[in-house]
Amino acid sequence: MGDIKVLEAVERYIRGEMNPDERLHFENLRKTNAEIDQLVVEHTLFLQQMNRFGEWQKFRGTLHEVHTDLAEQGKINSARLTGKAKVVYLWKRYKRVAAIAASIAGITTLTMSALVWSITPQAPASEIEKLKGEIYSIKTKTSQTDKELSKVKNSINNADNTIIYKTGGTGFIIDAKGYLVTNAHVVEGAHNIAIQNNKGEFTARVVYIDQLRDIAILKIEDENFKPFTSVPYAISKTESKLAEPIFTLGFPRNDVVVYGQGYLSAKTGFNGDTLSCQLELAANRGNSGSPILNKKGEVIGILNGRLKNAEGFTYAIQGKHIYKVLDELKKDTSYQKVKISARSSIAGLEFQQQVEKVEDYVFMVKVN
Amino acid sequence: MKQEINEKPLLKGLAINDKKAVETIYRENYNMVQSLIINNNGSADDAKDIFQEAMIVLYEKVRSGTFELNCQIKTYLYSVSKRLWLKRLQQLNRYAPPIEDPESTVSVDEEIEDHEKRDAEFEMMNKAISSLGEPCKSLLEAYYLQKQNMQVIAANFGYTNADNAKNQKYKCLMRLKKIFFAHYKNENGDG
């Protein structure tokens with residue numbers, strides 16, 4: 001145990017992380033204790049070597065990436081061979097055959113999955129409400145809101161050059177670098193997208209949209225955004241259990257994050273839709289795109305709708321589909337580094353504590 | 001002269017592993033090196049290997065100095081690639097044809113020697129870290145290479161608290177240092 005403390009001190013000393021008092025004390029210790037002095041010398045050498053090794057590795061990674069990029073864009077003629085060797089030539093031909101075989105396999109797979117999708121029951125649009133919120137509640141027909149509407153109109157007139165976001169939903173971070181997931185229907189036909197929570201408001205852009213699964217991936221593109229260090233929750237790849245307690249965070253109101261709690265009530269969605277699952281959970285407009293988390297700190301789904309005229313029948317797209325959409329996205333080489341954290345750091349905590357950790361990663365998605 | 005002034009920002013970018021700079025240098029010089037290798041008994045894969053190694057030599061050179069070469073980047077990369085390729089052919093006991101230079105060359109023997117020594121050190125470190133197995137490999141990489149802090153590592157690796165992660169990291173580190181210093185003393189003892 002003592003050795004660990006000593007080594008920790010040595011590392012902090014080498015990195016210059018000690019405060020002046022500590023440093024003085026440590027330097028005295030170094031003068032009087034030859035063993036510690038030796039350790040400092042030795043460890044400095046080791047850390048230097050590690051650092052250089054790390055940079056070397058990183059640089060090699062960059063080279064590799066650059067090569068692949070440039071070859072694909074045809075900016076270097078890496079794939080083209082000017083060599084005379086027949087073996088090389090044959091290999092090239094063989095590769096082409098392999099590519100054709102692979103693409104046939106690909107087409108077959110696509111056709112099969114298209115078939116499967118077409119068999120999957122589609123909910124009649126009229127019976128399921130998508131919970132995309134109307135930020136200014138224009139659709140609610142009461143005299144009061146009519147009044148508010150005129151207020152809103154006034155404010156629109158007053159603020160000519162600011163963007164007025166009309167509709168919205170919820171989204172949550174899946175990659176600390178600034179990638180979010182929300183519902184496709186939330187960002188449908190969007191011109192501008194902004195995301196907002198207590199951390200601030202940032203502009204974002206759709207990088208992938210899958211209408212069928214109703215999943216969209218957004219990327220925060222805002223110079224004021226500082227990437228997170230990590231994401232506290234993981235995303236579940238497996239099927240959830242019936243009656244599993246769940247909670248959600250979303251923005252059904254315009255300004256503050258709202259917590260909801262319930263349980264998984266059916267493993268499939270409306271009319272046996274295998275893409276989604278059913279939750280006993282109160283949800284409102286603006287909740288679309290909210291993460292559904294379980295006790296293990298895993299996102300098991302994305303809230304995307306509720307049954308009309310019936311409280312508590314809420315539907316969510318199963319979490320594993322996020323992975324599928326991400327795989328599609330990654331086919332674009334510029335997004336190959338998007339990564340979902342595989343481990344949840346909030347597993348087993350009380351919901352209350354989990355919410356505290358998750359809150360910063362859930363954003364209101366505003367669209368116009 | 002004008003060329004050299006233009007190339008300084010590129011070299012500065014290269015020294016900090018700036019992707020744009022790396023890409024520019026790569027794009028402007030790769031084809032030249034590839035034709036050198038392919039016209040001299042090599043394949044496209046060889047060309048990629050040799051060119052990337054030459055890029056590493058250049059990277060090390062600009063990091064150690066003042067971002068100044070005494071020649072153009074193009075000349076430097078060509079000279080290094082040629083030297084590396086002839087060496088490779090010798091090692092493989094393949095015929096090393098006399099190469100006629102369409103480009104001018106500069107002497108880079110010293111740099112290549114330094115590079116080979118460093119490369120061997122890094123390969124050793126690479127092997128040493130891999131030989132530790134998991135979770136040591138990922139744990140040490142996360143802390144010393146990706147510079148993540150211990151709380152984050154503890155969370156990502158599923159340790160119940162940072163102290164447990166620290167304990168494990170310490171054990172791994174001791175093993176790595178043992179291998180490292182055994183090699184280090186050998187290398188420097190025998191000359």
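Modeller: Let me start with Arg60(A), which has a relative accessible area of 34% and is therefore partly exposed. Please keep in mind that this is a predicted model.

Biologist: What makes 34% "partly exposed" for Arg60(A)?

Modeller: Buried would need a value under 20% and exposed one over 50%. Arg60(A), at 34%, falls in between, so the label is partly exposed. Glu123(B), with 33%, is partly exposed by the same rule.

Biologist: Why are Arg60(A) and Glu123(B) called a salt bridge?

Modeller: The rule wants a side-chain nitrogen of Lys or Arg within 4 Å of a carboxyl oxygen of Asp or Glu. The closest N and O atoms of Arg60(A) and Glu123(B) are 3.9 Å apart, so the pair meets the rule. In general terms, side chains of opposite charge can pair when their charged atoms come close.

Biologist: Which helices hold Arg60(A) and Glu123(B)?

Modeller: Arg60(A) lies in helix α3 of chain A and Glu123(B) in helix α5 (residues 109-132) of chain B, so this pair joins two chains. Across the interface of chain A and chain B, the rule finds seven salt bridges.

Biologist: How do you know which parts of chain A make up the side that touches chain B?

Modeller: Helices α1 (2-14) and α3 (34-72) of chain A each supply at least two residues of that side. The largest share, 26 residues, comes from α3(A). By class, the side of chain A that touches chain B has 16 nonpolar, 14 polar and 14 charged residues.

Biologist: How many residues are in contact between chain A and chain B?

Modeller: Contact is counted for heavy atoms within 4.5 Å, and on that basis 44 residues of chain A are in contact with 47 residues of chain B. The area buried between the two chains is about 4,500 Å², with carbon and sulfur atoms giving 64% of that area. Phe46(A), Trp56(A) and Phe59(A) supply 16% of the area that chain A buries against chain B, more than any other three residues. Between chain A and chain B there are also 13 residue pairs in polar contact, both residues being at pLDDT 80 or more.

Biologist: Which salt bridges can you show me within one chain?

Modeller: One of them pairs Arg12(A) with Glu22(A), the closest N and O atoms being 3.1 Å apart, so the pair passes the 4 Å cut-off. This bridge links distant parts of the chain, with Arg12(A) in helix α1 of chain A and Glu22(A) in helix α2 (residues 20-32) of chain A, 10 residues apart. Arg12(A) is partly exposed at 27%, and Glu22(A) is partly exposed at 29%.

Modeller: In chain B, the side chains of Glu116(B) and Lys87(B) meet in a salt bridge at 3.2 Å, N to O. Glu116(B) lies in helix α5 of chain B and Lys87(B) in helix α4 (residues 73-91) of chain B, so the pair ties together parts that are 29 residues apart in sequence. Glu116(B) has 30% relative accessibility and counts as partly exposed; Lys87(B) is partly exposed as well, with 28%.

Biologist: Which residues are linked in a network of salt bridges?

Modeller: Glu11(A), Arg15(A), Glu17(A) and Lys169(B) are linked in that way. Over all chains, a search of the whole structure finds 27 salt bridges.

Biologist: How do you know that Cys136(B) and Cys172(B) form a disulfide?

Modeller: The sulfur atoms must lie within 2.5 Å. For Cys136(B) and Cys172(B), the S to S distance is 2.1 Å, so the pair qualifies. The structure holds one disulfide over all chains.

Biologist: Why is this disulfide called left-handed?

Modeller: The torsion about the S-S bond of Cys136(B) and Cys172(B) is about -75 degrees, so the disulfide is left-handed. Cys136(B) sits in helix α6 (residues 136-145) of chain B and Cys172(B) in helix α8 (residues 162-189) of chain B, 36 residues apart.

Biologist: What makes α6(B) largely enclosed by the rest of the structure?

Modeller: Eight of the 10 residues of α6(B) are buried, so the helix is largely enclosed. Among them are Leu139(B), Glu141(B) and Tyr143(B). Just after α6(B), Lys147(B) takes a positive phi of about 55 degrees.

Key: Residues are numbered from 1 along each chain as its sequence is written. Chains are lettered from A and ligands numbered from 1 in the order in which they are written. This is a predicted model: local features need pLDDT of at least 70, side-chain atom pairs count only at pLDDT 80 or more; totals for chains, interfaces and linings use all residues. Side-chain values use heavy atoms; hydrogens and water are left out. Buried area is the accessible area (1.4 Å probe) that two parts lose on being put together, summed over both. A polar contact is a pair of N or O atoms within 3.5 Å; within protein, one must be able to donate a hydrogen and the other to accept it, and residues adjacent in sequence count only if both atoms are side-chain atoms. Helices (H or I, at least four residues) and strands (E, at least two) are DSSP runs, numbered from the N terminus. Ala, Val, Leu, Ile, Met, Phe, Trp, Tyr, Cys and Pro count as nonpolar, Asp, Glu, Lys and Arg as charged, and the others, Gly among them, as polar. Buried means under 20% relative accessible area, exposed over 50%, partly exposed in between (1.4 Å probe, protein chains only).
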